[in-house]
Structure formats: C-alpha cells, structure tokens
Amino acid sequence: MQRLPSDKAELLQLRAFVTPDLAARLIELIEQDRRPSTLADAGDDRYFRTSETCDLDAAEPAVRSLEEQLFALNGIDPAHGEPLQGQRYDVGQEFKPHCDYFNPGGADWNRYCSVAGQRTWTFMIYLNEVEAGGATRFKALGKTFQPEVGKLLCWNNRRPDQRENPNTIHHGMKVRRGRKYVITKWYREKPWGW
Ligand SMILES: O=C(O)CCC(=O)C(=O)O
Ligand SMILES: [Fe+2]
C-alpha cells in the first residue's frame, strides 16, 4: 500500500484492490437497491449529500468476497464493521466536506455511538472511472484522489492520541460527466451488534 507522507493523518491507498469483475457486480447490486441518502448531523442542508445510498446485503457472494478481502488486508475484527454501503452519484451530485466520525456531544452522538462507539477507520473503494469530476478532496492534507476502478482509499479518523482528527475532513466532489459508484466500510471502536 502507498502511505501518504504526512504527519497530519494516517491515509493509504491501494490501486486495483478489487478486480473489475467484482466492481461490476457491486455496481449491479447498488443499482438494484438504491435510495436517497440520509445523513446524521446534516442539519437543514438537503444538498449536503445528494447521492443515492444502498445497504449491501451481507449474504450476497460479491459482498462476502469484499468483506473477506477487507479482513485479509486490515485484520480488523469484522464485528466492529458497519454493513457495507454503496453510493451512486449522478451528474451534479456530491458529498460536501465532512468528517466520517460523529461529533462528540452532537445531536446524534447518543443515537449513533452509544453502543458501538466512535468510527475509527474508513475504507472506501471506487468502483468505476468517472468521465469528469467526482474526485475526493482532503483539503487539510492538500490531496485529491481520482476515482479509478477498484482503487481503495483508507484512513484513520483518529489522531495518535485517539481523539478525532479534523484533518480527515473530505469532500466527495461533484460529478461533472458520467456517474460515480463507491463502496464505504466504516469501523467502530466496539462491536457493532448485528
Ligand atoms: O464519494 C466520495 O468520494 C466520498 C464518500 C464519503 O466521503 C463517504 O461516503 O463518507
Ligand atoms: Fe466520508
């Protein structure tokens, strides 16, 4: 894996983590089951995350394969993982700058973190190439990642002292042409309980 040379955040990428065949199958599953995205702590901004979301069925063979690959790579206890989520962005859709961790003391803190605790690592996989736009920008890190079939991006949402790391704030930028599909896996401090 390639690690971003920065002491501001722990972030790594791995190209071709997922084969084009598996990526294509995962796109099919997202297409079958998408719904408008909802968001914790979103306030009134309906445009904050304008993509469509899909909770992937853990029993699907493609979803199982991906889970196995993730575990082989990161060794994180699968019990700490949230269910895999698929995301589809059409032209003009985006996910505005945000952090993946929950704001301690925020309105949704109790609801989302009382059992499983805070989010720790994010693993995100791009499933396709986007004709224009759709990159993921980490402003504080001065880095923008382009979608590429099967490319994995992962980062630790915490600092070495275990507190939340605001340098991980990122922006799923607007798709300008084409469509964008990604899969996200979030891990928690404690077992997720499902
Ligand atoms: O689509 C992207 O580039 C970012 C997605 C994201 O940040 C998320 O799902 O939390
Ligand atoms: Fe995110």
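Predicted model: local features only at pLDDT ≥ 70, side-chain atom pairs only at ≥ 80, totals over all residues.
Helix H1, residues 20-32, packs against helix H2, residues 61-74, at an angle of about 125°, and their axes lie 9 Å apart. The crossing of the two helices is left-handed. On the H1 side the contact is formed by Leu22, Arg25, Leu26 and Leu29, which meet Ala62, Ser65 and Leu66 of H2. The residues of this contact comprise 5 nonpolar, 1 polar and 1 charged.

An open sheet is built from 4 strands in the order E6-E12-E9-E10, with antiparallel pairing. From one strand to the next, the twist averages 10°. Strands E6 and E12 run antiparallel and are joined by 2 bridges, and Phe95 stands opposite Gly172 in E12.

Both Phe95 and Gly172 also belong to the surroundings of ligand 1, together with Gln87, Asp100, Met124, Thr136, His170, Val182 and Thr184. At least two residues of this shell are supplied by strand E12 (170-172), and at least two by strand E14 (180-188). By class, the shell around ligand 1 consists of 3 nonpolar, 5 polar and 1 charged residues.

How values were computed: Residues numbered from 1 in each chain as written. Chains lettered and ligands numbered in written order. Near = placed C-beta within 6 Å. Nonpolar A, V, L, I, M, F, W, Y, C, P; charged D, E, K, R; others polar. Axes fitted to C-alpha atoms, helices over the stretch in contact; angles between N-to-C directions. Left-handed = near helix turned anticlockwise from the far one by under 90°. Contact = placed C-beta atoms within 7 Å. Pairing = 2+ DSSP bridges.
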